[in-house]
Amino acid sequence: MNRTHSLKLMWALLLCLVIILVSPATMAQQKKALTFQDVMKFKAVLDAVISEDGSWIAYTAQPDRGDGELKIHAATEEKIFTIERGSKPVFSKDSRWVAVVIKPKAVELEKADKEKPKEGMALLETATGEVHHFERVERFAFSEDSKWLAYHHFKEEEKPAKEEKTQPSQEPAASAEQKKDKKKKEVGSTLVLRHLASGQEISIQYVLSFAFDKSSRYLAYAIADPEGKENGLFCRELQKEGYPQIAITKGENTRYSNITWTKKESKLAFLSAVENEEGQPGPATLWVWDGDTGEQNQAVKSEAAPEGWMLPLKNQVSWTRDGKRVFFGFKPETPQDVSTEKEKEQEEKEEVDLYNIDDLLKKREVDVWHWNDPIIITHQKKQWSRLKDWTYRAVYHLDSGKAIALADQEMRTVEATENPQFALGLADVPYLKEITWEGSFDDVYLVGLKDGSRKKVVSRLQSRPSLSPNGDYVVYYHDLNWHIYDSKTGTTRNLTSQLDVPFFDEDHDYPSATPGYGMAGWVEDDRAVLIYDKYDIWQFPTGKDKPINLTGGEGRQSQVTFRAIRLDPEKRYFGKDEQLLLSAYHNLKKHTGFSTCQVGTQGVKTLIEEKKQFRFLAKAKKKQILMYTRESYSEFPDIWISDMNLVSPRKISDVNPQISEFAWGSAELVEWNSVDGIPLQGVLIKPGNYQPGERYPVLVYFYRFFSQRLYEFNGPVVNHRPCFPLYASNGYAIFLPDIRFEVGRPGFSATKCLVPGVQKLIDMGVADPKAIGLHGHSWSGYQTAFVVTQTNIFAAAIAGAPVSNMTSAYSGIRWESGLARQFQYERTQSRIGGSLWEYPERYIENSPIFFADRINTPLLIEFGDEDGAVPWYQGIELYLAMRRLGKDCIFLQYRGEPHHLQKYPNKVDYAIKMKQYFDHYLKGEPAPEWITKGVPYRGK
């Protein structure tokens, strides 16, 4: 062997040695760290749908910021179509066509001020990929036979003419008649009916609303023209040559609405009302038109309403599936809220009297808060937009021609039902006042559809009752057990009390009544009901047979939670021998899968189970094909399809292939005990460049239970939460611990779970004990603020929207809903367990502000000053306390923002500041000026 050859061999061996010594961790270091620009470009899957024959899948791939795209995949071949800015896809029944919404360009939306650009529509033919685009489309629909598409344009917006400065006009003022003519009427816009095979289109002007019938014989539409002279309800006959128009009914200045077809036949229900001089609809009439005979019946006039009530045009009209009944609503008559034209003219003519008390009081602005109001004024205001047009359910029977009022002001809710006997009525009026501190309750009734009679089933129920499909039984959860009411005998029996397993929430740690786990549904012919415990699914016969544990107790034995998946959302019950698809969640190991069991038979079979998380999306209506997602911490939840046995799964989408370029990190389960010995779990996300033996800064993020997120993909987005992959790729470990709460001590509950969990990471050699940060928002924002009063283990903390003073927050308002906050402390999340007067010491002991002098951790507080959940002055209280005590505290107030930031510039700013804060205190990076000096007010 010559010298040259020996040198070459030596160099080759050295190169091999270098390659061998490059560990996976070292290679991971070579992967990129995520930036905020990278995060903005990551896409989420939205609006996923599968065609009825299972041959096509469509979804939107939408980045956090910017324009998305609609993808349409063939299920059995490598054929993909893309529509830029497409969203909300709808397949025709024969799968030949896809209609989608086209969003405006993101750049145009960013530039737009008040007048935002309108959405459009695109139509794609799956055989060819040919796409047609249409501008300014508000709504579209296919006919059931897939031969037609109707699309409705937005109304043309009237732009006010610019007034020119001229000499005062010498023309006489407009008369009252001229003013009346200028009143704004409800005017329709253009509807286009497109024949899909030929592309032929028919334009119909001034359409308000439209609907195809189920047999595809008719397209019905309501017309409202500018003058009101040609108003009417019309139909196009789609199966006749020339597609002639039928005038079902016409009426000058008459408005038509609630066009609703039966599910099977061509019967049409609709409402009509004549507009008054103000352009507002008066009392309405319910009509039924038969497309087979052409007969039109004036089903219900407003005069048929109970005394003091009327039939309003703004309504909810629906048919039963058998086409024998129509549900609609009556409404109490109310005085006109607006004055008539004559009254207005009179007011204009009257001279102003500065000392007229009545005139002055007309302009008062006052709300009267009465101690005995059913609901408080702020809640009334939030409810007003809904309640002012609330209709109380009634039913019209086609066979008898009778209209029966079912609901009234004492029992405001009656649910529409398919059975001919009973509907379920819920009366919350006796308990409205208690909403403020206790929660919501209902008295439950069976309401007779033929006469409106009522049978009380149960009083003061907090859970949601369920009426069986045939109307024979009502099932409900109450006092830790499930009960069944027999409508024929009027008797109730307890279904679960004799079983040796609990049906109440075993993890419930709130001071409210313990809820159940819910029910899967009914079995056909009302023969049984399927109910959940924590793990298993039980079948309870409505007769005298014994209950069956359908999953055979496998759930409780293996600590796996089984839940039935509804494959057909329109189906009202399960078949008596139906094979059920189940989701299966392993409570200890945190992965999910799919299993199956059979109604009426004990036993469960696993279909697929991996260290992943699976989510059911949909089943093809006419084929045995499932669409679902599979994910893990590092695997994006792309779309998969398979047969019903999940034997041959196929991955459809690959939305974010760039994941492999980044140092994403890895997730693992961690276990420890709380201070008082309670076993706990959490998720540790190790950095993308993790090397054993090296310690890392740790970001702790928590709320209540987070260990179930072990196999959950954390989608990169810019918002009020830390983006886990962003931090992991930038050298952080992330810890997501579970918290077990104790009623009366919610603050210390968090401390006693968090601190040992953090110590576990230190003992594992992962966490740098001097570089641990804590972050929480809302409920965990409160916990963050409290925990730093109890421990110095954290180098820095960020509290988003925290309650700092429970004594002042207790009687605050949740402005988004108008509800008082008292119920939250007495019965729900804040877990005090009683009023401020019952337990004043609990409110003080759990309030960070009373222990602010003990805080030694730098604290960043964030709030939107229009927060509708937590009063933002809670942030001010804590900030001022720490400022007075000379503590390191910064308060970020985002102007005009709610509980979760909505404006993208603000989300970006907070995300950047969040990372800068932790980078400084946990990694020792130089502090930006906003941390060292603040940002003085400059008049903005």
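This text walks through a predicted model, taking its sheets, a helix, its salt bridges and a few single residues in turn.

Strands of a sheet pair through backbone hydrogen bonds, in a parallel or an antiparallel way.

The other open sheet has seven strands, ordered β9-β10-β11-β12-β13-β14-β15, again with antiparallel pairing. Here β9 (137-142) and β15 (245-250) are the edge strands, and because each has a single partner strand, one side of each is left without a neighbour in the sheet. Neighbouring strands in this sheet are turned against each other by 40 degrees on average, direction ignored. Inside the sheet, strand β13 (residues 218-223) pairs with strand β14 (residues 232-237) over six bridges in the antiparallel sense. Leu-219 has Arg-236 in β14 as its bridge partner.

Strand β53 (residues 859-864) and β54 run parallel and are joined by six bridges. Leu-860 is placed opposite Ile-890 in β54. Strand β54, residues 889-894, has five of its six residues buried, so the rest of the structure largely encloses it.

Gly-765 follows α11 and has a positive phi, near 85 degrees.

The next topic is charged side chains. Side chains of opposite charge can pair when their charged atoms come close. The model has a count of 55 salt bridges. One of them joins the side chains of Lys-250 and Glu-230, at 3.3 Å from N to O. This pair links distant parts of the chain, with Lys-250 in strand β15 and Glu-230 in the loop between β13 and β14, 20 residues apart. Lys-250 is partly exposed, at a relative accessible area of 47%, and Glu-230 is partly exposed too, at 43%.

Another salt bridge is formed by the side chains of Arg-454 and Asp-408, at 2.9 Å from N to O. Arg-454 belongs to strand β28 (residues 454-461), while Asp-408 is in the loop between β24 (402-405) and β25 (413-414), so the pair ties together parts 46 residues apart in sequence. Arg-454 is partly exposed with a relative accessible area of 34%, and Asp-408 is partly exposed at 24%.

The salt bridge between the side chains of Glu-69 and Lys-71 spans 3.6 Å from N to O, and both residues are buried. There is also a network of salt bridges that links Glu-52, Lys-93, Glu-144, Lys-214 and Lys-622.

On the surface, Val-352, Leu-354 and Tyr-355 make up a nonpolar patch, with about 440 Å² of accessible area together. Val-352 is in the loop between α6 (341-349) and α7 (357-362). Its relative accessibility is 72%, so Val-352 counts as exposed.

Two residues remain, both noted for their backbone angles. Most residues other than glycine have a negative phi. Ser-146 is not a glycine, yet its phi is positive, near 65 degrees. Ser-146 sits in the loop between β9 and β10 (148-153), and it is buried, with a relative accessible area of 5%. Leu-646, also not a glycine, has a positive phi of about 55 degrees. Leu-646 is in the loop between β43 (638-643) and β44 (650-651). With a relative accessibility of 6%, Leu-646 counts as buried.

Key. Residues numbered from 1 in each chain as written. Predicted model: local features only at pLDDT ≥ 70, side-chain atom pairs only at ≥ 80, totals over all residues. Heavy atoms only, no water. Pairing = 2+ DSSP bridges. Helix = DSSP H or I, 4+ residues; strand = E, 2+ residues; numbered from the N terminus. Axes fitted to C-alpha atoms, helices over the stretch in contact; angles between N-to-C directions. Patch = residues over 30% accessible without salt bridge, like charges linked within 9 Å, V, L, I, M, F, W, Y side chains within 5 Å. Areas by Shrake-Rupley, 256 points an atom, 1.4 Å probe, with all protein chains shown as cover. Salt bridge = Lys/Arg side-chain N within 4 Å of Asp/Glu carboxyl O. Buried < 20%, exposed > 50% of the residue type's maximum accessible area, 1.4 Å probe, protein only.
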